[in-house]
Amino acid sequence: MIDSDVLDRVLNEARCHGAGFAEVYAEDRRNTGVAYDDGRVDGVSSGRDRGAGVRVINGVTTGYAHTSDLSERGLLAAARAAADAAGSGTAGVVTVALDRCTPGGGTRVEVDPNSVSKARRVEMLTEVDEIARSVNGAVTQVSAGLSDSYRSVLVANSDGVFVTDEVTRVLFRVSVVADGDLGMQTGAESLGFTGGWEVFDRYALTDLATEAAEQAVRKLRARPAPSGQLPVVIAQGTGGVLFHEACGHGLEADHIAKGASVYAGRMGELVASPLVTLVDDGTIDGEWGTRSFDDEGQATRRNVLIENGVLVDYMWDHIRARDEQRAPSGNGRRQDYASLPMVRMTNTFVLAGDDDPADIISSTEHGVYVAKLGGGSVNTASGDFVFGMRDAYLIENGQITEPLREGNLIGNGPQVLSDIDMLGNDFAMGGPGTCGKDGQGVPVGTGQPTLRVSSMTIGGTAA
Amino acid sequence: MSATESNEELFALADSLIETATGGEQIEVYISRGSSTEVRVHNGEVEHFVSAMSSGIGIRVINDGRTGSAHAGTLDAGIASAVLAEARENVSFSSVDEWAALAEPDGVDVTKQDLWSDELERYPTSDKVELAQRLERMTLDLDCRIRVDDTNFVDGGGEGLVVTTTGIRRYGRSNSCYLSVSTLADDTDGTRTGFGFAVGAHPGEFDVERAAREGVDRATRLLGAIKPTSRSTTVVLDPFVTAQLLGIIGSTLSGDAVVRGRSLFADRVGESIAASTFTLVDDPTDPRAYTATDLDGEGLAARRNVLIDEGELRGFVHSSYSARRGGAATTGNAIRGGYAGSPSAGCLALQLVPGERAQSDLIASIDDGVLIEGVSGLHSGVNTVSGDFSVGATGMSIRHGALAEPVREFTIASTIQRLLNDIVEVGGDLEWLPMRASGSSLVIRDVMVSGSS
């Protein structure tokens, strides 16, 4: 994308005021999307964005500037702007020659999405629409989309890091509205992978369409969710967002450094039930949050964060790792070239336990079973977090019974983690997620086995 | 956007593209170009300084009822031609939609507004840093229990234009800024958080002291917070929370949601859907609104629309598409997410017609209730199609007409339909916030609080 001698000159310009560290991040991004809604193709769109961001770190201050002009002139202007923003430093300029570029493993792509015609995509979505509508006469609306994105990335910095990588992702989503005597209800499913179009040969989109439609139809007879504290059982693969919110964000080193996390200063302590081992791993083939390198050019890796309930590590980016004089963990990510990198999760999951999932349900006298979670959010400083239940049921006498209407559950991270009293042997990864932080969205994966929290506050309306 | 003098260079690029239209082809070119800065201060030092320039072009082509679109993050003429070619190609894969068409000039005059501040444009970088440093220092000096997570100065300005083969030629520019602080306060039970902010046309209008005071109060008031008992009770929404609720209500009144069968209120125009004290207006022509604008996303004049009048649903907000399909006139409410987004119908600047009493008087009339100062999980616990409403909350208990202990880690739940009918009173306060809605205190009865059993 950019020649190494140009990068050398840009990195030198970026340190013209004596800053200790400079970095160039460049990307070329293309995406194609077909949206289907209301029984017809709602839009076919294509996008292309390319540009570079220059980051200069001078002591505690980071300067950042970006440009969509990838010529040497454009890059030098961005470098000068970033250098000016970072202010004057005292580090002597050490010229680093970027002579050897390390290519990333890229994404294993068997079927290039570009080889799949838009006509074929429309055909797939038409079938999804027909199947969803055929599930039940109560289905009144179907919306679905197929999209793919390709990102070519380059990172070079004054420490000598020089890598390139290519990432391909494909995403399918479907949402259904059903109408009944008590009003409308919705169902939704999605499927996303870091990989090529071949994933759609492995999974039948029509099954997801059927499931989304059935979810909406089931909820037409849903009763209001309970209000107050009850045991909660969360189905395999869907509840990873619980850990993403209950402790994932709180283990990001930027929150830790500012004392804005309930997990700050608790290294080596028991912060969860001894059943819980939490891992963040950006290397898992095909998962939504997978990359060869993070957006600071560090190789992604498997990082154990909580081991048998004990806090063993946080997640790190360049700045926070530098401050602690330790190695980064491959968690420095950014939304795009216009955004500063920061500590982010990749694929975050809890390893399997020993319990039979059927026993977890049958041993719960009265509670809530969440088959599908929605999104969530957390206040990392207080540890209070919420997540939504999109498809949930009452558990009565150890049996799953009535469907429940949607609502949020609320809890405090360390408390909920220590209240996990059963953990299934049925680990599964969940659907694709977009994690938002400081205005930036990045793709993340989550996963967990079926589990039970002995008590959580359920935000329904039923007394 | 503010409709002002044109920019020849951008118009020339747009004109060169729409001139290529053939036969019945309609082309819309949307161009935006802008810059922004973000200064973050921590412990008196600049933590980061981001200087951003962005520009891009989005093109929609409609031919025989089929729509295709494409965009690129550059204004390079060669790439713009390629974007047009891509949009045309995308047309061929689209379905025929009898209502698909670009907006046409509708004769409604633009309410001229002053959305550009030369003072902000000229504001020196060093002063932006100093302002953030001053807010941080002022916040810390107010209360020894307070820590500051970060303090930010953010500004942005840009210009945009819409040119179509249907005769729309509109250009506007605007800029804005805000200052914010995120606070932390600690007690033996843990850490509580708060925030404060200042908005204004330029930094000279910022009330920095008020931002500091709010940041301190919000966090320290929650110290010692307990989980409230579960019960159905009366809540008072703080203006900041009301504004978020208005955003949700606004989305159920989008003409797009109506014509696509996703609005709760689709068949209810002319009926009573809310308490009679509730009058909701979308008014981007009110210059006090943070999102005030002269033009909508399709280049039509933005205008004042009464959506709910004393409880009665008066109508929806429309883009030209939803209006045509819904058999209504456009209300000038097309919104688009920058050059990469397609226009859809949405509220631009919501506000309530305020009542008469101050928040303290509202509270004085309540025997048992909760003042809701913060909510979370609006995206995960609110379903705008079914109306289910459940959000995490923090606030203060109300007992015998006065504020009592702080409360946290609970939810409030109802349905959107019931919330509107259960509104008891709208406060006389009206706060302008850096979002698409302003806020007034709002009293709602029979809301389920889920806390301790």
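## Chain A overall

Helices (H or I, at least four residues) and strands (E, at least two) are DSSP runs, numbered from the N terminus. By that rule, chain A has ten helices and 23 strands. This is a predicted model: local features need pLDDT of at least 70, side-chain atom pairs count only at pLDDT 80 or more, and totals for chains, interfaces and linings use all residues. Residues are numbered from 1 along each chain as its sequence is written, and chains are lettered from A and ligands numbered from 1 in the order in which they are written.

The C-alpha trace of chain A spans about 70 × 55 × 35 Å along its principal axes. Of its 463 residues, 61% are buried (20 or more other C-beta atoms within 10 Å of a residue's own; exposed means 12 or fewer, partly exposed in between; C-beta atoms are placed from the backbone).

## Helices H3 and H5 of chain A

The axes of H3(A) (residues 118-135) and H5(A) (residues 205-219) come within 8 Å and cross at roughly 35°. Axes are lines fitted to C-alpha atoms, for helices over the stretch in contact, and angles run from 0 to 180 degrees between N-to-C directions.

Contact means C-beta atoms, placed from the backbone, within 7 Å. H3(A) residues including A:Met124, A:Val128 and A:Ile131 meet H5(A) residues, among them A:Leu205, A:Ala209 and A:Val217.

## B:Glu119

B:Glu119 lies in helix H3 (residues 118-122) of chain B. B:Glu119 is partly exposed because 13 other C-beta atoms lie within 10 Å.

Not counting residues up to four places away in sequence, B:Glu119 touches B:His202 and B:Gly204. B:Gly204 is 85 residues away along the chain, with a C-alpha separation of 8.6 Å from B:Glu119.

Conventions. Contact = placed C-beta atoms within 7 Å.
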